[in-house]
Amino acid sequence: MSDLKLVSRQHSDHNSIIKVGSETIGGEELCLIAGPCAVESEQQLDEIAKGISDLGIKFMRGGAYKPRTSPYAFQGLKKEGLRMLSDVSKKYGVKIVTEVLDTSLIEEVYPYADILQVGSRNAKNYSFLKELGKIDKPILLKRGMSSTINEWLLAAEYILLEGNENVILCERGIRTFDTSVRNTMDIAAIPLVKELSHLPIIADPSQGTGKRSLVTPLSLAAIAAGADGLMIEVHNKPEEALSDGFQSMYLDSMKEMVEALRKQAIVSKRTLNLEQIISEVI
Ligand code: PEP
Ligand code: MN
């Protein structure tokens, strides 16, 4: 039926666990990645980094280079943004997940990223995927917004084939006929990918729905469906965000969300190692 080889369950019958420093993705522990859509300023990033690290969240997202549909929209702070990410990483101990937009930027982004994010718009950029296969850091591979599951797994195959086995898949919603949500989160993709592949899979209900109020329910659904973690957009002032404000959580409501996830983790026989939250709540 398809050419899935290195990514397939037949190739490896146990789940791949990706190591990121002292953290792992794909094992019993759920991985939470939170942060703004885009890095906007030192103050913005610091407030958000403090907020999420106070909750015990260990991975911070934030785009320094943004792939925008309109060339007139905010394109990111670029090098300055990378430097800001590095500052909060040192200050709060968070690991950084940030997008690399094309091959020419791999070298620049590499030193700042613990995980390099490949966006939905690049999910079929095969020459770029091959280059990402030659590096030794984990790649977070978003599903193309119109990629079938098979096409998405073949995109991962391109990376593995060049030698980089550290790929984390990320379901971020697909385009369908329904415009009442920004994208349609394909929850079924999660257990199906688990059947087909040994790679870890996380969900991004922020891009997946485009609507803040849907992020917690879809996060719970993704974990219930077997996702290994979540990527969540959060902002200190969502109404002032330069991108994706409508889908960004308020810092205040993250605590409630994480508490709900902690309960879901127990039901899903996973762990969520967020000591600071548990000790505050008890
Ligand atoms: C994002 O994570 O902010 C983003 C642009 O995601 P995607 O590539 O899934 O649209
Ligand atoms: Mn975004």
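The model is predicted, so I took local features only at pLDDT of at least 70 and side-chain atom pairs only at pLDDT 80 or more, while totals for chains, interfaces and linings use all residues. Residues are numbered from 1 along each chain as its sequence is written, chains are lettered from A and ligands numbered from 1 in the order in which they are written, and side-chain values use heavy atoms, with hydrogens and water left out.

**Cysteines.** I counted a disulfide as a pair of cysteine sulfur atoms within 2.5 Å. By this rule I got zero disulfides. I then checked burial, where buried means under 20% relative accessible area, exposed over 50%, and partly exposed in between (1.4 Å probe, protein chains only). Cys31 is buried because its relative accessibility is 3%. Cys170 is buried too, at 0%.

Glu233 sits in strand β10 (residues 229–235) and Asp244 in the loop between β10 and β11 (249–250), 11 residues apart. Helices (H or I, at least four residues) and strands (E, at least two) are DSSP runs, numbered from the N terminus. Glu233 counts as buried because its relative accessibility is 0%; Asp244, at 19%, counts as buried as well.

**Ligand 1.** I listed the residues around ligand 1, with a heavy atom within 4 Å of it; among them are Cys37, Arg61, Ser120, Gln207 and Glu233. For polar contacts I took pairs of N or O atoms within 3.5 Å. A polar side-chain atom of Arg61 is 2.8 Å from an oxygen atom of ligand 1. Ser120 places a backbone N or O atom 2.8 Å from a ligand 1 oxygen. For Gln207, I read 3.2 Å from a polar side-chain atom to an oxygen atom of ligand 1.

**Helix α2.** I noted that Gly81, Leu82, Met84, Leu85, Ser86 and Val88 of α2 are buried. The buried residues of α2 pack against α1 (42–54), β4 (59–61), β5 (95–99) and α3 (106–109), with contact meaning heavy atoms within 4.5 Å.

Technical notes: Polar contact = N/O pair within 3.5 Å; in protein donor to acceptor, adjacent residues only side chain to side chain.
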